[in-house]
Amino acid sequence: MVIAEEMAQERIALEQAIATTKLEDKAAAVCFVESLIKLIWNHKMVGLIHTFYDHKPLFKGANGLKLVSQDEIVIETLEMLAAFPNLRMNITESFASGDKNSEFKVYLRSYCDGQNQGPSRFGPPTNNVLNEKNSLGQSVYILKKIGKNWKIKTEYSLRSQLTIEKLLTTNHLSTNHKG
């Protein structure tokens, strides 16, 4: 029960940060993106992609992955969350450049914790784990003001998709426990 209460309190705080943050400077841009990413990944609030991503976003991932619609980003996110239902995104570093008159670029260094306990397009669960050693990545989020609202226009993600795919298809890459 304590964990559920902590998660609920964290979710409420993140939602408040998104609702009240005025994107006036780099620190606010970092707060906004960090809160949004934690809500999407750690609290499974994938619908926020429709709210806070441009209606024609560009997502470029490792190994040539390119997504050009909110729905494609939602599907990719849901597939990952289905395969790793206990996934948690951990942000280790972040900073921003830009300004409120043009755009902000928010840079995040992060890793995921989670165990492949759900099926994926690669097959049944392997019980392999994601951790800091095998899922470290960097992302850049480009925020632009579209109309009256700030939206993520472009996302570049440099996380090894091949490593994640191997974790979803083989049992030999993991010791099947977190560590």
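# Aromatic pairs, a cavity and a pocket

Phe32 and Phe52 are both buried (under 20% relative accessible area with a 1.4 Å probe on the protein chains only; over 50% is exposed, and in between is partly exposed). The model is predicted, so local features need pLDDT of at least 70 and side-chain atom pairs pLDDT 80 or more, while totals for chains, interfaces and linings use all residues. Residues are numbered from 1 along each chain as its sequence is written, and side-chain values use heavy atoms, without hydrogens or water. Helices (H or I, at least four residues) and strands (E, at least two) are DSSP runs numbered from the N terminus.

**Aromatic pairs**

- There are three aromatic pairs, counted when ring centres of Phe, Tyr or Trp (its six-membered ring) lie within 6.5 Å; planes under 30 degrees apart are stacked, over 60 edge-to-face, and the rest tilted.
- The ring centres of Phe32 and Phe52 are 5.5 Å apart and the planes meet at 75°, so this pair is edge-to-face.
- Phe32 belongs to helix H2 (residues 26-42) and Phe52 to helix H3, so the pair ties together parts 20 residues apart in sequence.
- In the pair of Phe104 and Trp150, the centres are 5.3 Å apart and the planes are at 45°, so the pair is tilted.
- Phe104 in strand S4 (residues 103-115) and Trp150 in strand S7 are 46 residues apart, and their pair links these distant parts of the chain.
- Phe104 has a relative accessible area of 0% and is therefore buried.
- Trp150 also counts as buried, because its relative accessibility is 10%.

**Two residues and their contacts**

- Ile37 is part of helix H2, and its relative accessible area of 2% is why Ile37 counts as buried.
- Beyond four places in sequence, Ile37 is in contact (heavy atoms within 4.5 Å) with Asn42, Tyr53, Met89, Leu108 and Tyr141.
- Between Ile37 and Glu5 there are 32 residues of separation in sequence and 20 Å in space, C-alpha to C-alpha.
- Asn134 sits in helix H5 (residues 132-135).
- A polar atom of the Asn134 side chain is 2.9 Å from the backbone oxygen of Val129.
- Not counting residues up to four places away in sequence, Asn134 touches Val129, Thr163 and Leu167.

**The largest cavity**

- The structure has one cavity of 30 Å³ or more; on a 1 Å grid over the protein atoms alone, a cavity is a set of points where a 1.4 Å probe fits but cannot get out.
- The largest cavity holds about 510 Å³ of space, a volume being the space filled by probe spheres on grid points joined across faces, edges and corners.
- Its lining has 32 residues, with Trp41, Phe59, Glu76, Met80 and Gln161 nearest the centre; lining residues have an atom within 4 Å of a point.
- Elements giving two or more residues to this lining include H2, strand S1 (53-60), strand S3 (88-98) and helix H6 (161-169).
- H4 contributes the most to the lining of the largest cavity, namely six residues.
- This lining has 20 nonpolar, seven polar and five charged residues (nonpolar: Ala, Val, Leu, Ile, Met, Phe, Trp, Tyr, Cys, Pro; charged: Asp, Glu, Lys, Arg; polar: the others, Gly among them).

**The largest pocket**

- The largest pocket has about 300 Å³ of space; a pocket is an open set with protein on both sides within 12 Å along at least five of seven lines.
- Among the 15 residues lining the largest pocket, Thr21, Leu23, Lys148, Asn149 and Trp150 are the closest to its centre.
- At least two lining residues come from each of helix H1 (2-20), helix H3 (48-52) and strand S7 (149-158), and S7 has the largest share, with three.
- By class, the lining of the largest pocket has six nonpolar, three polar and six charged residues.

Definitions and conventions: Polar contact = N/O pair within 3.5 Å; in protein donor to acceptor, adjacent residues only side chain to side chain.
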